[in-house]
Amino acid sequence: MVQTTRSLVHNFNAGPSILPKEVFAEASRAIIDFNNSGLSILEIGHRTSLFQPVMEEARSLARELMQLDNDHEVLFLHGGASTQFMQVPMNLLNENEIAAFADTGVWSGKAIKEAKLFGHVEIVCSGAENQYTSLPKSFHVAATAKYLHLTTNNTIYGSQWQDLSLFYSCNVPLVADMSSDILSREMDFNKFDLIYAGAQKNVGAAGVNMVVVNKNILGKVNRVIPTIMDYRNHIEAGSLLNTPPVFAVYICMLTLRWLKNLGGIAVIEKANAAKAKLFYETLDSLPLFTGRVAREDRSKMNATFVIENASLEKEFLDLCKKEGMVGVKGHRSSGGFRVSMYNALPIESVQALTDLMRQFAKTKG
Ligand SMILES: *Cc1c(COP(=O)(O)O)cnc(C)c1O
């Protein structure tokens with residue numbers, strides 16, 4: 001028998017992170033017996049009539065949920081977003097060309113570092129002067145830039161571009177790392193020529209990237225691209241160029257199915273907004289806690305905040321632990337607290353956390 005009960009934990013982990021419990025239930029059955037085949041999902045070939053429909057459904061669900069046009073292809077590729085930091089410039093940027101970057105935190109910094117291996121980088125705006133507590137909204141992108149790269153949600157600092165139309169008027173191709181907010185809110189995904197997201201936040205299990213690419217921007221660099229790194233080969237092969245991370249892709253497919261059954265991105269966007277509202281309203285009502293990020297740039301996915309007094313910080317973390325709240329501690333590079341409220345996190349978890357914050361503030365106030 002498959003054990004499906006477990007103790008109740010509120011999971012605020014930043015990634016890998018919470019996924020829908022329906023996905024865990026279905027996946028646990030598939031590990032034992034996938035689609036009544038008598039085989040585990042872990043022991044089937046990727047070019048079989050059992051797995052191919054999984055890849056096809058994952059790709060078509062992503063296409064449908066994001067309402068992509070026919071120029072855009074969906075791929076599920078090995079590695080994490082960090083692999084895309086190099087794969088993107090390898091495919092798009094010639095050595096003598098410039099890629100423009102919005103520098104908004106740790107992850108965009110890492111993307112910049114890798115792009116420099118392939119061509120020139122121009123940082124058109126940076127949040128560094130404000131210690132990344134707000135987003136730098138005035139910038140100019142030269143028409144000669146091959147593309148502009150942005151990070152839609154800054155997972156570590158807890159900021160998020162709320163108005164993406166700022167970028168739509170740049171008139172250069174847009175590349176976006178959407179690892180930590182993809183499928184969490186509606187946007188015009190077709191405005192982007194390349195989108196990538198490590199799956200382990202909103203899409204599924206670690207080990208796979210979801211990549212959306214406008215095929216018209218490919219084939220324009222003159223370097224030799226290794227076979228497995230060339231997006232065109234993956235498009236050609238229907239995202240089955242070599243053995244994909246079969247189980248990770250399966251989890252993505254189940255999560256995409258879950259999102260579709262829920263009503264799609266518009267529905268989850270409302271739920272995410274309600275969670276963020278509850279959280280930030282509580283935060284702002286309690287002087288003990290201070291948000292790290294300018295209000296207008298606050299992320300609905302990852303909220304960061306501090307308590308000025310270090311011993312109280314520890315006390316609050318201990319209390320969270322005792323109450324079954326996981327992942328409240330801030331990123332090792334920035335300290336304080338961070339709570340991630342991804343698609344699969346129920347509002348009940350935010351309610352439980354905000355109740356705890358209120359109770360804690362009362363005893364310390
Ligand atoms: C988590 C994250 C990454 C890194 O993903 P890996 O899969 O660990 O490579 C990159 N960018 C953003 C915005 C992230 O949130």
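Asp181 touches Thr152, Asn153, Gln160, Asn202 and Met301, leaving out residues up to four places away in sequence; contact here means heavy atoms within 4.5 Å. The model is predicted: local features need pLDDT of at least 70, side-chain atom pairs count only at pLDDT 80 or more, and totals for chains, interfaces and linings use all residues. Residues are numbered from 1 along each chain as its sequence is written, and side-chain values use heavy atoms, with hydrogens and water left out.

**Asp181**

- Asp181 lies in the loop between strand 8 (174-177) and strand 9 (194-198); strands (E, at least two residues) and helices (H or I, at least four) are DSSP runs, numbered from the N terminus.
- With a relative accessible area of 0%, Asp181 is buried, a term for residues under 20%, while exposed means over 50% and partly exposed lies in between (1.4 Å probe, protein chains only).
- Its side chain forms a polar contact with the side chain of Arg185 at 2.8 Å. A polar contact is a pair of N or O atoms within 3.5 Å; within protein, one must be able to donate a hydrogen and the other to accept it, and residues adjacent in sequence count only if both atoms are side-chain atoms.

**The ligand and its surroundings**

- The ligand has 13 residues around it, of which Ser82, Thr155, Asp177, Gln200 and Lys201 come nearest; a residue is near a molecule if one of its heavy atoms lies within 4 Å of it.
- The shell consists of three nonpolar, eight polar and two charged residues. Ala, Val, Leu, Ile, Met, Phe, Trp, Tyr, Cys and Pro count as nonpolar, Asp, Glu, Lys and Arg as charged, and the others, Gly among them, as polar.
- Helix 3 (residues 81-92) contributes the most to this shell, with three residues.
- One oxygen atom of the ligand is 2.4 Å from an N or O atom in the side chain of Thr155, and an oxygen atom of the ligand is 2.6 Å from such an atom in the side chain of Ser82.
- A nitrogen atom of the ligand lies 2.6 Å from a polar side-chain atom of Asp177.

**Leu353**

- Leu353 belongs to helix 10 (residues 347-364) and is buried, at 0% relative accessibility.
- Beyond its neighbours within four places in sequence, Leu353 is in contact with Phe12, Phe279, Phe316, Cys320, Met325 and Val339.

**Domains**

- The domain assignment gives domain 1 (24-262) and domain 2 (265-364); such bounds come from an automatic or database assignment.
- The centres of the two domains, taken over C-alpha atoms, are 27 Å apart.
- In contact with each other are 28 residues of domain 1 and 24 residues of domain 2.
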